[in-house]
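I am opening a notebook on a structure I have not looked at before. I shall go through the backbone, the sheets and the surface in turn, and write down what I looked up.

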Amino acid sequence: MRRIAALLLFLAIPVTLSADPPGVYALTGGTVHPASGADIPNGTVIIRNGLIEAVGANVAVPADATVIDLKGAHIYPGLIDAQTSLGLPEPKRSGGERPAEPGPDTLAARTVKLTDDDLDARRATGVTTVVTASSYGIFNGQSAMLNLGGGALESRVIKSPVALQISFNTRPTWTFPDSLMGVIAFLRQSFLDAQQFTAARDVYRRN
């Protein structure tokens, strides 16, 4: 399975919160797949202030660039959709009963199903990578980052889990929480309960 390197650089670059990020990046060594034209083996892509400045096989690397070695990887001009429920349809209600919600431990990578139509539709808009999680419930489970290339689903998982996803979705009337304020209170109490559980478990382990 060919590795895919996306041009959105937060996937490849460690984030240093205490310093301003450099404005110039050089992606080197990878096979570049331009939007038009032939592939460029061992190519270089120069990005300055968020814009592609140069692409080619013999591009000089600027002295002020942060170099990212992508030898063996493949570089596509793709976008990342970081907020989607692609492949995770909302459960249908049946018999008037409310379907089970995903929980904090639900892994999107285990339940996601992508069809060829799903892949073609997103790639047609320039999206090559998605972060997907259920849009149903309050705790939407743990999202997965997926490449939209070919092959088995397991080979397209870049990272799982990515994050614990939550939504401010209210529940049906007369079912707590059925208001925005109730959802906020529910989330706050859930995290407080988790914090208390962690503290109690630590005390148990020490004794």
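I began with asparagine 42, which counts as exposed because its relative accessibility is 52%; the scale I used calls a residue buried under 20% relative accessible area, exposed over 50% and partly exposed in between, with a 1.4 Å probe and protein chains only. Asparagine 42 lies in the loop between β3 (31-32) and β4, where strands (E, at least two residues) and helices (H or I, at least four) are DSSP runs numbered from the N terminus. I noted that asparagine 42 has a positive phi of about 50° although it is not a glycine.

Before going further I wrote down that this is a predicted model, in which local features need pLDDT of at least 70 and side-chain atom pairs count only at pLDDT 80 or more, while totals for chains, interfaces and linings use all residues. Residues are numbered from 1 along each chain as its sequence is written, and side-chain values use heavy atoms, with hydrogens and water left out.

I then turned to asparagine 49, in the loop between β4 and β5, which also is not a glycine and has a positive phi of about 55°. Asparagine 49 is exposed, with a relative accessible area of 63%. I made a note of the background: most residues other than glycine have a negative phi, and most peptide bonds are trans.

Which peptide bonds are cis? I found the one from serine 160 to proline 161, with omega near -5°, and the one from phenylalanine 176 to proline 177, with omega near -5°. Proline 161 sits in the loop between β12 and β13, and proline 177 in the loop between β13 and α4.

Next I looked at the sheets, counting two strands as paired if DSSP finds at least two bridges between them.

Four bridges pair β8 with β9 (residues 127-132) in the parallel sense, and threonine 84 stands opposite threonine 132 in β9.

Last, I looked up isoleucine 166 in strand β13, which counts as partly exposed because its relative accessibility is 35%. With Leu164, Phe168, Leu180, Ile184 and Phe191, Ile166 makes a nonpolar surface patch of about 550 Å². I saw that β13 (164-166) and α4 (180-206) each supply at least two residues of this patch, and that α4 gives the largest share, three residues. Patch residues have over 30% relative accessible area and no salt bridge, with like charges joined within 9 Å and nonpolar side chains (Val, Leu, Ile, Met, Phe, Trp, Tyr) within 5 Å; a salt bridge is a side-chain nitrogen of Lys or Arg within 4 Å of a carboxyl oxygen of Asp or Glu. Accessible areas come from the Shrake-Rupley method with a 1.4 Å probe, and for residues only the protein chains shown count as cover.
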